[in-house]
Amino acid sequence: MTTAMQFDRRLQLAALALLAASLAAAPDAAALDVIAAQRLARQSGCVECHSVYQKKVGPAWKDVATKYRGQADAGQRLYKHVTTGRKARFDDGHEESHPVVKTGDPARIGNLVEWILALPVAAPVDVPAAQTLARQSRCVKCHAVDVKKEGPAWKDVAARYLGSVGAEDKLYLHVTTGRKAKFADGHEENHPVVKTSDPDRISNLVNWILSL
Ligand code: HEC
Ligand code: HEC
């Protein structure tokens with residue numbers, strides 16, 4: 001190797017080291033293992049009281065992320081919250097120790113915490129699950145992704161709501177409350193609702209539609 005090539009190589013290594021350091025300092029959505037985070041949340045029983053999108057017994061994790069956005073010590077605070085079992089206050093006023101994660105592996109715990117703090121950007125759409133729910137709920141009788149049937153093509157719905165604030169909440173209500181829908185021939189009937197009450201499955205379907 002010539003000296004010049006060695007120098008180039010050293011520059012490259014230095015650039016790589018810098019890149020690695022910046023990634024470690026600010027873990028971004030891409031560096032998260034979303035599937036592992038969700039698995040740990042399920043294994044630890046977190047999902048009995050929490051959902052990503054909706055308030056259950058505990059706050060929606062999306063709202064937790066919003067609350068902590070921009071706070072430098074957010075990661076540390078949540079890490080403590082899910083590992084030390086400190087008292088949590090419930091809606092009915094009683095207090096009990098908040099459950100802790102079922103692992104002692106700091107990397108897995110850190111990944112879960114960073115995932116929660118990165119929501120909703122890192123919430124991936126589980127496409128097969130969304131399609132299954134749409135089939136089970138017989139949505140596909142009136143809807144398709146690309147073509148208009150009795151209901152609008154879901155691609156057109158996504159285009160109409162593109163980027164609009166509150167779109168997710170609006171569609172969530174649309175597919176859970178059975179309010180009146182107007183059909184092409186002018187008649188109105190209650191719009192069918194999804195055949196599940198699991199907020200995460202419903203939100204996944206809604207987010208899939210909005211992502212089309
Ligand atoms: C028995 C119900 C219950 C379970 C199970 C539960 N939580 Fe909570 N969680 C709550 C309640 C209630 C709050 C809000 C009250 C509080 O933080 O004092 C909360 C708050 C939180 C917060 C927000 C804390 C903050 O500082 O704003 C996070 C994050 C959280 N929980 C994560 C988890 C994780 C991760 C698990 C699984 C290891 C879990 N929770 C399991 C009930 C629960
Ligand atoms: C019997 C036919 C029919 C079935 C079944 C049906 N829809 Fe619809 N849907 C419609 C019609 C018609 C519209 C447009 C009129 C309206 O929204 O008032 C519509 C509109 C929508 C919209 C757009 C709402 C908006 O605000 O623009 C979404 C999203 C949607 N449906 C999702 C679903 C899902 C999810 C299911 C399954 C749970 C489903 N639909 C089942 C007929 C149907």
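In this predicted model, the shell around ligand 1 draws at least two residues from each of α4 (74-81), β1 (87-89) and α5 (106-118), where helices (H or I, at least four residues) and strands (E, at least two) are DSSP runs numbered from the N terminus. Altogether 23 residues surround ligand 1, with Ser-44, Cys-46, Cys-49, Gly-58 and Ala-88 the closest; a residue is near a molecule if its C-beta atom, placed from the backbone, lies within 6 Å of it. This shell comprises 15 nonpolar, six polar and two charged residues, with Ala, Val, Leu, Ile, Met, Phe, Trp, Tyr, Cys and Pro taken as nonpolar, Asp, Glu, Lys and Arg as charged, and the others, Gly among them, as polar. Residues are numbered from 1 along each chain as its sequence is written, and chains are lettered from A and ligands numbered from 1 in the order in which they are written. Local features need pLDDT of at least 70 and side-chain atom pairs count only at pLDDT 80 or more, whereas totals for chains, interfaces and linings use all residues.

Ligand 2 is likewise surrounded by 23 residues, of which Ser-137, Cys-139, Cys-142, Gly-151 and Ala-181 are the closest. At least two residues of this shell come from each of α8, β3 (180-182) and α9, and α8 gives the most, with three residues. The shell around ligand 2 divides into 14 nonpolar, five polar and four charged residues.

Contacts between α8 and α9, counted where C-beta atoms placed from the backbone lie within 7 Å, involve residues including Leu-171 and Val-175 in α8 and Ile-202 and Val-206 in α9. By class, this contact has eight nonpolar, three polar and one charged residues.

Definitions and conventions. Contact = placed C-beta atoms within 7 Å.
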